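This report concerns selected local features of one protein structure. Please consult the sequence and the model shown below.

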Amino acid sequence: MNFSLNTYLEELRPLINVDCGTLTVEGIEMIANIMAEKYEDMGGWNIKRVDCGIAGVGLEIRNKPEAEHIDVMLIGHMDTVFPVGTAAERPMSNDENRAYGPGVSDMKSGLLNVVYALRELDLSVRDALSICVCMNPDEEIGSLHSEEWLKSVAKDARHVLVAEAARADGSLVKARKGMARYRMTFHGKAAHAGNEPQNGRSAITEMAHWILALNTMTDFETGTTLNVGVVNGGDGANIVPQHAEAVVDVRFWDNDEYAQVDTKIRALTETPFVDGVTVSLVREATKPAMAPTSKTESLMAMIEETGKDLGIDITWQEVGGGSDANLTAVLGVPTLDGLGPIGAGFHSDAEYLELHSIEPRIKLLKAVLEKLAE
């Protein structure tokens, strides 16, 4: 493999120095155009642009678009969590060991590693496989606008590899927590807090009861946790509040246990704690937990063996954050994550990419594809 780190970094730079936070459609479009051009230059790839509504464009790239099944589906996302202005404020930089910048490991380097692995793949290997690369524009908000598309592709896939970054210690990801996010709106009745407080119905009091009730549903032993992370309400200290709102984040390892929590949350809307207050509930996002099956464990064993051949010690982690791997794993498709290079500090200005890990992880991905072709 003829790998030049400097060439790689120069190819990575334009992907980092673009504001492409979720729903920043112009930035997402720029990333999509850059990535599509790489596959056009490679030749032999059918490039389909997918309309993901307000999130912008997705890319579905296949070497055998007419094939009924997909041997390997590779997934990566084009969006970051950073606001407009971040790319100008801290464009990509690097020292001897690490590269820095918004999305450098989450997950522009993952997208680029996929390109490098496919460029290096012998044509006979590529022809032996039906490969599909999907790049979506909205993973950072739970793939709300690309979920149906990704699932419709994944249902025909035999294996899914997600190119999110490997963990800081080099581990790949075998399991991810599921997540759900709810917005609760409380409607009460306003009244003067001095003259006639008894005529009011406090939306904030109702919300406070909910917060305490939701907290009791957390079970640290099983890993099901509820966090009321945002609250607001009221118009003034001298007014009984007629409006309040809360947003709760739920995380879980067990999809059945989450279903019970969802039922309990919905039941609370039927019997408000404060007489005269009504509650409306909207589940804004949800991703099932990603748990390995026996087929996934076979894929893990193959990757471990491949790593051994390359002198890479493959270890695995279960992580609390979700990714698009959650969406495909629940379909029963063997899915593994963390196939990108090593990085950490995601979603912060401390995000970094370990330069020494780039070439070995390209080799690993290429070798895994070669094994799957056998």
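The model is predicted: local features need pLDDT of at least 70, side-chain atom pairs count only at pLDDT 80 or more, and totals for chains, interfaces and linings use all residues. Residues are numbered from 1 along each chain as its sequence is written, and side-chain values use heavy atoms, with hydrogens and water left out.

Helices (H or I, at least four residues) and strands (E, at least two) are DSSP runs numbered from the N terminus. The loop between strand S6 (131-136) and helix H6 (147-154) contains Glu139, and Ser143 is found in the loop between S6 and H6. Glu139 is buried, because its relative accessibility is 6%; buried means under 20% relative accessible area, exposed over 50%, and partly exposed in between (1.4 Å probe, protein chains only). Apart from neighbours within four places in sequence, Glu139 is in contact with His77, Asp79, Glu164, Lys287, Gly322, Ser323 and Asp324, where contact means heavy atoms within 4.5 Å.

His347 belongs to the loop between strand S17 (343-344) and strand S18 (352-354).

A further backbone feature is the cis peptide bond that joins Asp106 and Met107, with omega of about -5°. Met107 lies in helix H4, which comprises residues 104-120.
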